[in-house]
Amino acid sequence: MIPVLSRAQMRAYDKHAIHQCHVPGVVLMENAGRGAADVISAIIEARTAGRTAAPALPAHAAPGHAPPGALWLATLPSGGGPRSGSVPPPPNGRRDAEDARAARVRAFPVRHVPSPGQPATYPLSARVVVVCGAGNNGGDGFVVARHLLARGAEVQVFLAAPSEKVTGDSRINHDAYVDLGGALTELPPGASFAPLEAALAEADIVVDALFGTGLDRPIEGHLADVIGVLNTATCLCIALDVPSGLDADSGAPLGAAVQADETVTFGHLKIGLLTPEGARLAGNVHVVDLGVPDGPILAQVGHVAEVIRKETVGAHLRPREASVYKHQAGNVLVIAGSSGKPGAALLSARAAMRTGAGLVTICTWADTAPAMESRVVELMTTSIDPARIAASLDAALAGRRAVAIGPGFGLDDRARAAVDHVVLGWDGLKVVDADALTHFAGRAEALATARGSLVLTPHAGELGRLLGRSARAVEEDRFGAVREAVALTRAIVLLKGARTVIALPDGRMFICMAGNPALATAGSGDVLTGMIAALLCSMDPAAAVSAGVLIHALAGDVWRARTGSDRGLLASEIAELVPGLIASLAAGVDPLSV
């Protein structure tokens, strides 16, 4: 299990470790800061090596066409991390800074670093600026600064507050850094930013240690201005725990927020790092432990979600018996398509076949069926008679194991009648997507009365329509929105997007860390709908949804690894990759290593 914690759970974790387990807070701060210093040291060493030698590409990447994140993985010594290559001289002006940042590859992977170790080469060749706040995150920054100073880096700390504001464990580490000869410049409200700007212009790395996970209010005034200066710097930006200004629960920026290239988070992943906006602000995430066995602590404080693991999905993909026949393999009905929109139905149905369903039938309107029949070989078709909608559907539903309903199905009255009949009345396993979801806008509570089991697969816009809010409001609090949808509908709800979220009626949540922008292509969601319907034929619903989401995301990652591109993927190509991915996961092989 890879647990993900909320702000409150992480606070409870620290409190339990300190008060019940008698681990001093200053020890937790030391372990966090040292772990971050280990990761930063390895990043420095990788960047230094990159200035003198071109890194080897992984076997699957052609020269000049490495997928985003490939160089980062290939040039990583034990415990380190980043992209390689020389650092360009800092350009002038905000636009040049933005261009320089945009030129850096950002892949947003997450690495767990339980014991990263230290690089072998000392002294570290880097100029590092650490910008600290007065709280505990600033204390972590002072620990990082002390360790990097001890390892030979040129370190300068800026404190965005008067020194007397630093208290407790943070004060201990402030004094230790200063008394060991560390350079410290106070930057209280009203002070000129010129010294900080000058230091950043010469720096290789800036460490953001202003705010941690405890922030729950918008950043304004002086500290917002400090963040503005950090975001104009062209050096690599590494945030401690979360980028300052990021809401650790929702992943939304609280006013000003640091745009980091790398984030070293402490103990466990924070849920706000796993949203599209959180991933954009955090960059590549490294998880370092706090030096305490956390099983007993997690048993007390809990966790809000889990990351979907390849090993878990692979364990559900059992080999088939030699005697299996097509009806046992899975009989799926895809109720989809309408005049002018046959493609969505075809994509869903073919994806169900590629995911292992033995028999797939497209059920569509009588005026659309001829267009389908001319384009299918392995698939079957059946028609809905507009004059006998219920009877037509009942005949089509007979004997089916699972149904996928909605892609391209239409939004007229006849479509609504058909959707209601199947979604609310049929006692079976149903994946409800696209137009079928939209038919429940303004009446989402009706889904709670449905017979059978429902899996809802909305994107942010569709979920917003169900909940009566905008897509933007959903994205600003994805986890809150998906939990609300589950409470309202009593269904499994899958919120699509970067970092897809799955929420179950029993309260569990799962997050998919795989996938990339190549999956942002027309029909991608239709393919996922068909995949989940096929997996429902052989797995319990929670496992089927997790497996479908992960395999779909990995298809995008494998395609990018092969092509080196983050765009141009066709939805139909996703399904073609599925059988190979199932084989790799079932065998316990990382698909990206094949």
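Two strands are taken to pair if DSSP finds at least two bridges between them. Helices (H or I, at least four residues) and strands (E, at least two) are DSSP runs, numbered from the N terminus. The model is predicted: local features need pLDDT of at least 70, side-chain atom pairs count only at pLDDT 80 or more, and totals for chains, interfaces and linings use all residues. Residues are numbered from 1 along each chain as its sequence is written, and side-chain values use heavy atoms, with hydrogens and water left out.

Strand E3 (residues 127-132) is joined to strand E4 (residues 154-159) by six bridges, and the two run parallel. Arg127 has Glu154 as its bridge partner in E4. Between E3 and E4 the chain passes through helix H5 (residues 136-150), forming a right-handed β-α-β crossover; with the strands pointing away from the viewer, the path from the first strand over the helix to the second runs clockwise. E3 is also joined to strand E6 (residues 205-209), by five bridges and again in parallel, with Ala209 of E6 as the bridge partner of Cys132. Five of the six residues of E3 are buried, so this strand is largely enclosed by the rest of the structure. Buried here means under 20% relative accessible area (1.4 Å probe, protein chains only).

Helix H5 also contributes to an aromatic pair, one of two in the structure. Rings of Phe, Tyr and Trp (its six-membered ring) pair if their centres lie within 6.5 Å; planes under 30 degrees apart count as stacked, over 60 as edge-to-face and the rest as tilted. The ring centres of Phe142 and Tyr177 are 6.1 Å apart and the planes stand at 45 degrees, so this pair is tilted. Because Phe142 belongs to H5 and Tyr177 to helix H6 (residues 168-179), the pair ties together parts 35 residues apart in sequence. Phe142 and Tyr177 are both buried. Trp365 and Phe409 form a stacked pair, with 5.0 Å centre to centre and 15 degrees between the planes. Trp365 lies in strand E13 (residues 359-365), whereas Phe409 lies in the loop between strand E15 (402-405) and helix H16 (413-425), 44 residues apart. Trp365 and Phe409 are likewise both buried.

Helix H5, helix H1 (7-20) and helix H2 (25-52) each supply at least two residues of the lining of the second largest pocket. The greatest contribution comes from H1, with five residues.

Note on methods:
Buried means under 20% relative accessible area, exposed over 50%, partly exposed in between (1.4 Å probe, protein chains only).
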